[in-house]
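Trainee: Could we go through this model together, beginning with the strands and then moving to the loops and the surface?

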Amino acid sequence: MSGKTISLGVLLSGSGTSLQNLIDLQQAGRLPVEFSFVLSSRKDAFGLERAKKAGIPTEIVPRKGAKWEDFNRDCAAVLNRYKPDLIVLAGFMSLFIPPSDYAQRVMNVHPALIPSFCGKGFYGHHVHEAVLEYGVRYTGATVHFIDTAYDTGPIILQKPVEVMFDDTAETLADRVQACERELYPEAIRLFAQGRLEVHGRRVRILPEEETVCE
């Protein structure tokens with residue numbers, strides 16, 4: 001696998017299925033990362049158990065009852081302590097604005113084709129229910145860098161998923177999540193290979209021959 005091994009921090013709030021996918025790929029030698037830490041906004045998140053089983057340091061910054069400014073500051077303090085190369089949001093149920101030196105170093109995956117069905121309140125099954133209610137023929141998954149608002153950062157990768165006539169939110173979620181499991185690791189690999197170049201709102205994926213070997 002080309003590209004260097006990078007240090008990766010993961011922010012989550014729930015069961016950690018996306019984290020487990022990354023752990024499995026890393027352990028299989030298919031993802032060039034070393035996990036720095038897993039941070040949860042909930043102390044009862046099962047993702048913490050997945051991290052501990054894999055030997056990854058865990059941190060808890062409770063969101064409930066905290067002012068957003070304090071919460072965001074405490075999350076940033078964890079980043080500054082571990083100093084990972086890249087941070088990924090994996091079901092992190094809060095707006096997070098990282099320190100300025102982490103610009104274009106924090107990714108999120110969204111279960112729709114941004115700019116459709118995104119923004120505040122559009123997460124999990126809320127997205128899939130909205131897709132079915134509107135009647136669109138295609139939805140999908142988007143990996144993007146984060147900025148200062150929900151789902152508005154530069155888009156790295158997108159992939160469509162067809163919406164079937166007899167879909168429920170659950171059946172559609174299964175296929176979109178399968179798409180996410182492919183797309184998110186690929187975006188991380190591209191970052192590790194130094195192949196993501198941001199120009200304003202657009203992200204250019206460099207051919208391998210244009211990257212600089214270190």
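Trainee: Which residues cover the two faces of β5, and are they buried or exposed?
Mentor: Val-106, Asn-108 and His-110 lie on one side of β5 and Met-107 and Val-109 on the other, and all are buried. Buried means under 20% relative accessible area, exposed over 50%, and partly exposed in between (1.4 Å probe, protein chains only). Strands (E, at least two residues) and helices (H or I, at least four) are DSSP runs, numbered from the N terminus.

Trainee: Before we continue, what should I know about the source of the model?
Mentor: This is a predicted model, in which local features need pLDDT of at least 70 and side-chain atom pairs count only at pLDDT 80 or more, while totals for chains, interfaces and linings use all residues. Residues are numbered from 1 along each chain as its sequence is written, and side-chain values use heavy atoms, with hydrogens and water left out.

Trainee: How does β5 pair with β4, parallel or antiparallel?
Mentor: β4 (residues 86-89) and β5 run parallel and are joined by three bridges; two strands pair if DSSP finds at least two bridges between them. Leu-89 has Asn-108 as its bridge partner in β5.

Trainee: And in which sense does β6 pair with β5?
Mentor: The pairing of β5 with β6 (residues 138-145) is antiparallel, over four bridges. Here Met-107 has Phe-145 as its bridge partner in β6.

Trainee: What about Gln-104?
Mentor: Gln-104, also a residue other than glycine, has a positive phi near 60°. Gln-104 is found in the loop between β4 and β5, and it counts as partly exposed because its relative accessibility is 41%.

Trainee: Finally, the surface: which residues gather in the patch of negative charge?
Mentor: Glu-129, Glu-133, Glu-170 and Asp-174 form that patch. Helices α4 (125-134) and α5 (169-192) each supply at least two of its residues, and Asp-174 lies in α5.

Terms used: Patch = residues over 30% accessible without salt bridge, like charges linked within 9 Å, V, L, I, M, F, W, Y side chains within 5 Å. Areas by Shrake-Rupley, 256 points an atom, 1.4 Å probe, with all protein chains shown as cover. Salt bridge = Lys/Arg side-chain N within 4 Å of Asp/Glu carboxyl O. Lys, Arg positive; Asp, Glu negative; His and termini not counted. Charge placed at Lys NZ, Arg CZ, Asp CG, Glu CD.
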